[in-house]
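Biologist: I have a structure to go through with you. Can we take it piece by piece?

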Amino acid sequence: MDLSYSVDEQAFQAEVRAFLESSLPREISEKVANRRELSKSDMERWHAILNDKGWLAGTWPKEFGGQAWGPVQQHIFEEECCRANAPRLVPFGIKMLGPVLMKFGSPDQQAEYLPRILDGRDWWCQGYSEPGAGSDLASLKTKAERDGDDYMINGQKTWTTLGQHANRIFCLVRTKFDGKPQEGISFILVDLDTPGIEMRPIRLLEGGYEVNEVFFTNVRVPAARQVGEENMGWTIAKFLLGHERTNIAGVGFSIQAFEQIKDLSRTVRRGGKRLIDSPLFAARLAQVEAELEAMKLTNLRMLSLAEQGGRLGAEPSMLKIKGTVIRQALNDLARRALGPAAAPFPSEDLEGNLAIAPEGHAMNAASYFNNRKISIYGGSNEIQRNILAKGMLS
Ligand SMILES: Cc1cc2nc3c(=O)[nH]c(=O)nc-3n(C[C@H](O)[C@H](O)[C@H](O)COP(=O)(O)OP(=O)(O)OC[C@H]3O[C@@H](n4cnc5c(N)ncnc54)[C@H](O)[C@@H]3O)c2cc1C
């Protein structure tokens with residue numbers, strides 16, 4: 001198996017690099033490099049720049065406005081974006097709903113929604129999880145009952161990422177109340193300004209606001225907004241979660257964070273020595289580097305298999321676990337390297353931390369706490385281990 005990039009792939013890499021150098025606004029890349037919060041308009045601006053270039057939805061087929069990139073091109077694009085400190089794209093429209101509509105949506109739904117995802121008129125959020133249905137998603141209770149040409153929706157979703165910016169939500173709802181739980185779920189598209197919807201913020205551990213609870217009380221939604229057949233939502237949910245997990249390893253992000261920590265450990269001094277010369281810290285750094293190299297190779301191996309049309313089994317689960325464990329280990333290393341400057345601070349006291357932290361590291365405590373989430377969302381690491389055990393040990 002050849003894991004090096006072909007001549008064409010290297011040319012594509014150079015093209016992406018040049019585009020990012022000329023088109024990524026510096027004010028945005030500086031925020032990303034310094035882990036500062038991006039505003040809605042920052043995210044919309046980058047979305048529009050990529051859409052103008054035609055690279056917003058590179059993996060989409062050409063007839064839907066994509067470039068038909070294969071897995072390797074997409075990987076190169078994402079790796080270069082991380083390297084240049086470009087914002088991570090909000091995945092709900094482009095990486096989740098788009099592929100769902102292309103596979104399961106009616107021609108009318110495709111014509112109505114896909115262009116609006118690309119040009120940014122619609123910002124989608126994901127309404128899967130509920131207070132009693134996370135890992136055990138099939139036990140979800142939000143119900144959609146048929147009433148003439150509409151469904152009437154009642155229930156609650158939670159952990160809805162960036163719902164505060166969204167105008168639409170795709171939901172899993174219960175449309176059949178007997179039989180196997182998986183066989184009574186439907187996938188439905190809902191406008192967030194429909195009467196009866198209330199969104200409330202949830203504050204995360206570091207004080208940031210990126211997730212919400214969404215309450216539905218007698219929310220009337222046209223039945224034509226259902227995707228696929230009634231009660232086949234579980235099939236769609238599994239298809240979509242597969243997409244969510246392959247994007248979650250964040251290899252490029254870890255490479256970037258590792259380099260930042262390595263640089264930091266060359267400038268920070270402890271007991272008169274550079275931190276990188278401390279045997280204990282150097283050993284910790286080396287261990288994460290070895291894990292990262294192994295993950296990079298595993299990722300390339302899987303990309304190579306996917307590029308040749310091979311079937312991935314439980315491998316995405318392995319990448320999800322490794323990717324998130326490594327990113328949390330990097331947060332931990334940064335915390336150790338920063339010492340007192342890594343002390344937790346309320347997010348509104350950023351100025352205080354800017355005064356004491358080395359350049360680019362004022363947000364490390366916030367990032368450390370915020371990244372507790374990555375081993376939970378997209379299917380927790382314990383659930384991924386269950387999938388691995390079932391797929392490989394049985
Ligand atoms: C920051 C963040 C953003 C999110 N964004 C979204 C979003 O936009 N849309 C959306 O729908 N959801 C979202 N989620 C929800 C996410 O998918 C769930 O949190 C996740 O699936 C876990 O479900 P839960 O929180 O209900 O935990 P639970 O399922 O209650 O699990 C609690 C603990 O028990 C463990 N556990 C549960 N079952 C098993 C088992 N069978 N074997 C071993 N261990 C087990 C879990 O690993 C976990 O540690 C988000 C979550 C977070 C934290």
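**Burial, a helix and the cores**

Modeller: This is a predicted model. Ala-362 counts as buried because its relative accessibility is 7%, and the cut-off for buried is under 20%.

Biologist: Where is Ala-362 placed?

Modeller: Ala-362 lies in the loop between helix 11 (350-356) and helix 12 (364-370).

Biologist: And how far is Ala-362 from Glu-351?

Modeller: They are 11 residues apart in sequence, and their C-alpha atoms are 8.7 Å apart in space.

Biologist: Switching to helix 4. What is its reach from first C-alpha to last?

Modeller: Helix 4 (residues 71-83) has 13 residues and reaches 18 Å, close to the 18 Å expected at 1.5 Å a residue.

Biologist: Which of the residues in helix 4 are buried?

Modeller: Val-72, Gln-74, His-75, Ile-76, Phe-77, Glu-79, Glu-80, Cys-81 and Cys-82.

Biologist: What covers them?

Modeller: The cover includes helix 1 (7-23), helix 3 (40-53), helix 5, helix 8 (251-267) and helix 9 (279-307).

Biologist: What does the backbone do just after helix 4?

Modeller: Asn-85 takes a positive phi there, about 60°.

Biologist: Now the largest nonpolar core. Which residues touch the most other members?

Modeller: Leu-97, Tyr-128, Phe-170, Phe-187 and Leu-189, out of 49 residues in that core. Helix 5 (residues 91-104) gives the largest share, 8 residues.

Biologist: What does Phe-187 touch, beyond four places away in sequence?

Modeller: Its contacts include Leu-97, Val-100, Tyr-128, Phe-170, Arg-225, Ile-236 and Leu-240.

Biologist: Which residues does the second core include?

Modeller: That separate core has 26 residues, among them Ala-249, Val-251, Ala-342 and Ala-357.

Methods:
Residues numbered from 1 in each chain as written. Predicted model: local features only at pLDDT ≥ 70, side-chain atom pairs only at ≥ 80, totals over all residues. Heavy atoms only, no water. Core = buried A, V, L, I, M, F, W, Y, C linked by side-chain atoms within 4.5 Å. Buried < 20%, exposed > 50% of the residue type's maximum accessible area, 1.4 Å probe, protein only. Helix = DSSP H or I, 4+ residues; strand = E, 2+ residues; numbered from the N terminus. Contact = heavy atoms within 4.5 Å. Expected span 1.5 Å × (residues − 1).
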